[in-house]
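Welcome! Take a moment to look over the sequence and the 3D picture below, and then we will walk through them together.

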Amino acid sequence: MMARTNPITFLQQVRQEVSKVTWPSRNEVLISTIMVLVLVVAASLFFLAADQIISWLVGLMLSIRA
């Protein structure tokens with residue numbers, strides 16, 4: 001069974017822990033966001049190309065023309 005903590009003590013502990021967090025700078029957040037967007041676009045293009053190639057190969061094997 002867990003020990004009960006009074007709400008005021010809990011909030012004080014939360015505040016202490018949050019003060020220990022190293023928050024990223026605005027520039028780090030901007031660079032990370034741009035990197036994520038670039039990688040999402042790259043992955044989307046890769047999967048689009050892979051899907052088109054697989055579709056073409058399956059159509060070729062089954063002699064189905066779209």
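This report goes from the whole chain to its helices and then to a few side chains.

**The chain as a whole**

Please keep in mind that this is a predicted model. The secondary structure comes to 2 helices and 0 strands. How far does the C-alpha trace reach along its principal axes? It spans about 70 × 40 × 15 Å. A compact globule of 66 residues would have a radius of gyration near 11 Å, but this chain has 26 Å. Buried residues make up 2% of the 66 residues. Buried here means under 20% relative accessible area. The chain exposes about 6800 Å², and carbon and sulfur atoms supply 70% of that area.

**Helix H2**

Now look at helix H2, which covers residues 26-62. Does its length fit its number of residues, or what span should we expect? At 1.5 Å a residue, the 37 residues of H2 should span 54 Å. Just after H2, Ser63 takes a positive phi of about 55°.

Ile53 has its place in helix H2. Ile53 also belongs to a nonpolar patch on the surface, together with Ile54, Trp56, Leu57, Val58, Leu60, Met61 and Leu62. The accessible area of these residues together is about 870 Å².

**Two side-chain pairs**

How many aromatic pairs does a search of the whole structure find? The search finds 1 aromatic pair. Its partners are Phe46 and Phe47, arranged edge-to-face, with 5.1 Å from centre to centre and 75° between the planes. The angle counts as edge-to-face because it is over 60 degrees.

Side chains of opposite charge can pair when their charged atoms come close. The count of salt bridges in this model comes to 1. In that salt bridge the side chains of Glu17 and Lys20 meet, at 3.2 Å from N to O.

| Residue | Relative accessible area | Class |
|---|---|---|
| Phe46 | 53% | exposed |
| Phe47 | 57% | exposed |
| Glu17 | 46% | partly exposed |
| Lys20 | 59% | exposed |

Phe46 counts as exposed because its 53% is over the cut-off of 50%. Glu17, at 46%, falls between the cut-offs of 20% and 50%, so it is partly exposed.

Terms used:
Residues are numbered from 1 along each chain as its sequence is written. This is a predicted model: local features need pLDDT of at least 70, side-chain atom pairs count only at pLDDT 80 or more; totals for chains, interfaces and linings use all residues. Side-chain values use heavy atoms; hydrogens and water are left out. Helices (H or I, at least four residues) and strands (E, at least two) are DSSP runs, numbered from the N terminus. The expected span of a helix is 1.5 Å times one less than its number of residues. Patches are made of residues with over 30% relative accessible area and no salt bridge: like charges are joined within 9 Å, nonpolar side chains (Val, Leu, Ile, Met, Phe, Trp, Tyr) within 5 Å. Accessible areas come from the Shrake-Rupley method with a 1.4 Å probe; for residues, only the protein chains shown count as cover. A salt bridge is a side-chain nitrogen of Lys or Arg within 4 Å of a carboxyl oxygen of Asp or Glu. Rings of Phe, Tyr and Trp (its six-membered ring) pair if their centres lie within 6.5 Å; planes under 30 degrees apart count as stacked, over 60 as edge-to-face and the rest as tilted. Buried means under 20% relative accessible area, exposed over 50%, partly exposed in between (1.4 Å probe, protein chains only). The radius of gyration is taken over C-alpha atoms; the globule rule is 2.2 Å times the number of residues to the power 0.38.
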